[in-house]
There are 2 protein chains.
Amino acid sequence: MMVKQSIQKWMEENKEEGVAFLQKLVQYGSVQGKEKGAQEFVAEKLKKIGMEVDKWIPGEDLVNHPYFCSPRTDFSESPNVVGIWKGKGGGRSIVLNGHIDVVPPGNPNDWKEDPFSGLVQDGKVYGRGVTDMKGGNTSLLLAIQCLKDLGIELKGDVLFHSVIEEESGGAGTLAAVLRGYTADAAIIPEPTNMKIFPKQQGSMWFRVTVNGQSAHGGTRYEGVSAIEKSMIVLQAIQELEKDRNEKIDDPLYSSIPIPVPINVGKISGGDWPSSVCDTVTIEGRMGVSPEEKMEEAQMELQQKLENLQDEWLQKHPVSLEWFGARWHPGNIDPDHELMHMLQQNFESVTGEKPVVEASPWGTDGGLLTQAGDTPSIVFGPGVTGMAHYSNEYIEIDKVFEAAQILALTILDWCEGGEL
Amino acid sequence: MMVKQSIQKWMEENKEEGVAFLQKLVQYGSVQGKEKGAQEFVAEKLKKIGMEVDKWIPGEDLVNHPYFCSPRTDFSESPNVVGIWKGKGGGRSIVLNGHIDVVPPGNPNDWKEDPFSGLVQDGKVYGRGVTDMKGGNTSLLLAIQCLKDLGIELKGDVLFHSVIEEESGGAGTLAAVLRGYTADAAIIPEPTNMKIFPKQQGSMWFRVTVNGQSAHGGTRYEGVSAIEKSMIVLQAIQELEKDRNEKIDDPLYSSIPIPVPINVGKISGGDWPSSVCDTVTIEGRMGVSPEEKMEEAQMELQQKLENLQDEWLQKHPVSLEWFGARWHPGNIDPDHELMHMLQQNFESVTGEKPVVEASPWGTDGGLLTQAGDTPSIVFGPGVTGMAHYSNEYIEIDKVFEAAQILALTILDWCEGGEL
């Protein structure tokens with residue numbers, strides 16, 4: 001029997017067990033600070049599959065790293081887990097990376113079922129994190145388990161990352177990189193709707209403070225409204241976004257209206273309707289193109305804000321801070337051999353040509369590329385539009401389809417040969 | 001001796017007592033809900049002067065009145081006080097109106113002394129509320145006491161209002177009006193820098209809610225930013241302000257850059273930097289011209305916001321609420337006899353021509369005019385720029401100068417004749 005058929009058969013035979021695993025994984029509601037149960041469950045699974053397991057609490061080397069970015073420094077209840085399958089030697093290694101943390105479920109009333117039910121219905125599994133990205137993680141584990149069960153030996157190493165903190169800046173992946181778990185390339189099954197993303201937008205958060213001068217609203221001409229001045233700032237940000245995006249001619253972005261958006265998500269100013277507002281704070285997210293360094297993008301915003309065409313703002317410059325979350329852009333050569341293998345296997349399993357695009361959001365692929373020198377592809381079974389929304393679900397068939405594609409690709413890349 | 005000289009002499013002889021009274025009045029820190037002590041002190045003073053005193057707790061008739069506007073409905077610790085000096089009959093009556101409530105002192109660290117010290121230094125009295133408007137109230141009481149002490153009998157009635165709630169919408173003056181304490185005309189010694197204001201701008205607070213549509217910041221083109229849409233709203237408000245003010249050609253406004261400003265004092269929207277903001281709230285104060293009805297001004301803003309030139313906003317109209325504070329505009333004919341008397345007496349006492357202007361802020365004069373049919377003039381010894389600021393003070397000489405002008409004007413209006 002051809003390996004492809006063997007893999008397909010294995011997937012069919014292990015469907016029930018795979019779905020049960022995903023269900024259970026969702027039921028561990030592993031929001032930030034509560035990843036321990038889910039990680040222990042994953043570690044257990046890795047051992048059963050026959051992988052070597054490293055489970056550790058990220059420590060000081062992480063916190064002091066320049067790429068470290070997290071709202072917390074204490075990870076004592078949040079272990080990182082890596083599964084290791086050593087190859088025979090002489091082959092290419094691969095990182096298979098998935099995050100275990102899920103974003104908070106939001107208002108439970110927006111959910112039809114308990115957000116952590118793991119309900120199976122009409123070929124779907126429901127629950128917070130199922131698409132982002134426990135479904136993808138399950139595809140990875142199924143792929144590895146399948147290859148193991150089929151008795152395949154690989155030349156190259158397979159490293160499975162089950163990382164914390166992706167949703168708040170990637171400290172878990174950074175910790176894995178710092179512990180030496182890098183490879184020749186990586187695949188991250190974030191929810192891409194089965195599209196293949198060789199490039200991922202980076203992003204970082206900024207805060208602009210605009211100062212005016214207080215006065216009574218009845219004599220508002222005696223003051224300077226920070227709200228009026230912030231309109232100038234918002235307009236400048238819109239201009240900068242336009243300029244930055246006009247420069248992008250990569251065909252991978254051709255179907256994306258704004259490849260690297262600058263999103264102003266929050267505005268806040270003033271404390272009294274009849275006073276002239278003297279301070280406005282604007283918070284947003286700046287997209288960073290895959291070809292760009294974070295610092296270059298920061299400099300562009302900085303310069304735009306230093307050159308606002310307004311007399312008051314020239315004399316009272318706005319302040320710019322970079323705070324909170326940060327995702328480095330990721331970039332793998334679209335002609336990279338792993339790209340070809342993945343596309344080929346996609347076509348072989350699905351019978352269709354894959355869509356290759358640039359991703360509008362960052363993943364831990366940026367950190368793997370930039371801190372770990374591990375070029376990364378993002379490809380996964382979840383639906384982007386489901387991520388972070390209520391009633392999040394994933395289609396079970398997609399999880400297993402992705403698992404087959406991934407198994408074949410690991411086999412090709414790490415040189416398992418035929419059965 | 002001419003009455004003018006007698007009044008001047010009386011003021012000199014009673015300077016010490018007058019300053020002590022003002023000091024004490026300031027020391028009763030009569031912020032909202034804590035007016036009782038100060039009101040009892042005023043009532044005591046009125047009795048000593050020889051006035052009849054009405055002290056009462058405003059009740060249900062007030063709260064149910066269409067002009068009622070206050071953040072509270074319980075006034076059990078906040079009595080209103082009116083002093084009555086009945087005339088002999090056949091003369092014009094006058095309301096002398098001053099509010100007892102003071103705005104909160106803000107951060108005590110911004111004050112050199114305790115905000116309620118009542119410190120006397122270099123010819124000034126310091127403390128929260130001394131300029132807005134306990135200094136003015138003291139001028140009124142000195143004027144009345146002086147006329148009484150000089151044995152003057154008036155034809156018309158004098159009604160002294162010591163009212164609560166001016167700073168939050170005028171419920172105290174409305175209560176006095178509803179209890180029947182209206183007159184042929186009124187003077188309100190709010191801090192005008194000794195200018196005479198026959199017209200006062202009204203104002204009211206509004207809240208505009210702008211709706212967008214949420215999305216992830218990385219694909220912000222899938223949402224609609226309420227922050228971007230609120231820029232259109234802010235611009236429309238600026239246009240409306242311009243149009244409204246271009247229509248005002250009253251010479252009383254000739255030196256005022258924006259006679260009836262629309263001040264946007266607060267803006268707030270969004271809860272996450274990397275999400276598209278789906279709701280922005282804008283709060284502001286709309287100035288109402290003395291010739292205008294509140295409802296007319298409301299309609300203008302309503303119509304402007306209904307006709308925003310934006311497809312999204314046409315389909316998702318912004319909402320407009322009128323909330324919180326409200327001050328009706330006030331308007332007395334600049335050729336009213338009381339205006340002439342006040343100007344003449346100002347010139348006689350100070351040797352200078354008074355400045356006659358329109359006021360950029362509302363006072364209880366609007367309510368007296370519109371609810372009490374009592375045309376009102378605002379004229380007082382405090383400095384506008386001091387009101388609501390830390391280290392608020394008033395010049396003692398101005399208090400006594402205003403008292404003389406007021407005493408002469410009461411004499412003229414209520415027909416006291418010569419001594």
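Modeller: This is a predicted model, and in it the C-alpha centres of domain 1 of chain A and domain 2 of chain A lie 35 Å apart.

Biologist: Which residues belong to which domain of chain A?

Modeller: Domain 1 of chain A is made of two stretches, 3-200 and 329-413, while domain 2 of chain A covers 202-326.

Biologist: And how many residues does each domain bring to the contact?

Modeller: Domain 1 of chain A brings 19 residues and domain 2 of chain A brings 16 residues. The area buried between domain 1 and domain 2 of chain A comes to about 1,300 Å², with 55% of that given by carbon and sulfur atoms.

Biologist: On the domain 1 side, which residues lose the most area to domain 2 of chain A?

Modeller: Those are K199(A), P329(A) and A358(A), which together account for 38% of what the domain 1 side buries.

Biologist: Switching to charges, how many salt bridges are there between the two domains?

Modeller: There are two salt bridges between domain 1 and domain 2 of chain A. K199(A) forms a salt bridge with D250(A), and their closest N and O atoms are 3.0 Å apart. The count of residue pairs in polar contact between the two domains is eight.

Biologist: Which elements give two or more residues to the domain 1 side?

Modeller: They are β8 (196-200), β13 (330-331) and β14 (356-359) of chain A, and β14(A) provides the largest share, four residues.

Biologist: What kinds of residues make up that side?

Modeller: The side of domain 1 of chain A that touches domain 2 of chain A has 11 nonpolar, six polar and two charged residues.

Definitions and conventions. Residues numbered from 1 in each chain as written. Chains lettered and ligands numbered in written order. Predicted model: local features only at pLDDT ≥ 70, side-chain atom pairs only at ≥ 80, totals over all residues. Heavy atoms only, no water. Domains from an automatic or database assignment. Contact = heavy atoms within 4.5 Å. Buried area = accessible area lost by both parts, 1.4 Å probe. Salt bridge = Lys/Arg side-chain N within 4 Å of Asp/Glu carboxyl O. Polar contact = N/O pair within 3.5 Å; in protein donor to acceptor, adjacent residues only side chain to side chain. Nonpolar A, V, L, I, M, F, W, Y, C, P; charged D, E, K, R; others polar.
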